[in-house]
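Look over the model before reading on.
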Amino acid sequence: MNATTDLPRLAAALEAVAGKPILVVGDCMLDHYLMGDVGRISPEAPVPVVRVASERHTAGGAGNVARNLVALGAKPFLVSATGDDDAGRMLAAILESEGIEALLVRDRTRPTTIKTRIIAQNQQVVRVDRESDAPLADRARRGLIDALTKLAREARVIVVSDYAKGVIGRELMDALRAAIAGLDPKPLVLVDPKPANAACYAGVDLLTPNLKETLEMAGAHGLGRESGRTGVLRAGLALFKATRVKHLCVTLGPEGIALFRSPSDVTHLPTVAKRVYDVTGAGDSVMAALACGLAAGLDLLDACVLSNYCAGIAVSQVGAVAVTRQELAAALATAVAPALERWLEPSRTTSTAPDVPGVPDGSSS
């Protein structure tokens, strides 16, 4: 069955998100861009020589989620960790200059993560990472958990941005669950995951992996690697069983999004991107738009449609960008509502997931 969504309602939600408090916790990093042109190949090795014309630094990872939230009109508060170094101080200054309130715990045992991207003629030539993925030192982890426990009570939505750089782990996620357990209403917890921490996400409201991450977290190598709809459904339903999350949003790159509102209710959203220059940071834009939509009162399907349009804008530009509320509203004003395809119907609930042979029981709620 195909359906469409009401785009004017999504545009109205963008106005309603103004000032909504959203807590972001996760791995924050310094994104470093060197941009220029290639005119020749190096005589020293068969590699291009990039003549740098400009350079910039931005907040990446969880910091980029916060940047997108500010641009969409929400009021984020970022909780993360950095090294006790110049890069960490630069990152703190960048966040402050962009109007992002942040609590950055300094960990002297590790460096601030820096990702340097060298771009020529709007194409990424190479990326250089300086980082540690070791868990935070005990003192830094305790400081992070103390801050998170206090701030979680004030948020409508909590975004966990996991880049597997040491901030997110079982102890922090257990502390987050304990902090919100008695709250009414309870804030929604949205997780942009990494397979290394799959065991930490049990019971969260929404998981937003890409298909590769879904396969890894579900242990889907044992289910086969079918392509297309069948492969996505098998992997998604297996992930439901593995993590017991409430909802699942699998991003499929050029194939759009598969939204699992439950193991028996799956909708496919086609991509709305007209051109793709760079996918850097697109997942952060998707998460920010999802959080804003839910904070503004949209249901999960409409929030996913909103995030799909946000991703379409993000990938049309070079580098990680913060999509603004004005850009997203303009895109919605001229867009044709996408046709949404139901891949599994709620009324057809069975223990073996109809039309997906061999999928194990995926009931999660």
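Buried means under 20% relative accessible area, exposed over 50%, and partly exposed in between (1.4 Å probe, protein chains only). This is a predicted model: local features need pLDDT of at least 70, side-chain atom pairs count only at pLDDT 80 or more, and totals for chains, interfaces and linings use all residues. Residues are numbered from 1 along each chain as its sequence is written, and side-chain values use heavy atoms, with hydrogens and water left out.

Q: Is Ala164 buried or partly exposed?
A: Ala164 sits in the loop between β9 (157–161) and α5. Helices (H or I, at least four residues) and strands (E, at least two) are DSSP runs, numbered from the N terminus. Its phi is positive, near 55°, in a residue other than glycine. The relative accessible area of Ala164 is 22%, so the residue is partly exposed.

Q: What is the phi of Gln121?
A: Most residues other than glycine have a negative phi. Gln121 lies in the loop between β7 (114–120) and β8 (123–130). Its relative accessibility is 44%, so Gln121 counts as partly exposed. Gln121 is not a glycine, yet its phi is positive, at about 50°.

Q: Is Thr82 buried or exposed?
A: Thr82 belongs to strand β5 (residues 75–83). Leaving out residues up to four places away in sequence, its contacts (heavy atoms within 4.5 Å) include Leu91, Leu104 and Val105. Relative accessibility is 4%, so Thr82 counts as buried.

Q: Which peptide bond is cis, with omega near 5°?
A: Most peptide bonds are trans. Pro185 lies in the loop between α5 (170–180) and β10 (188–192). The cis bond runs from Asp184 to Pro185.
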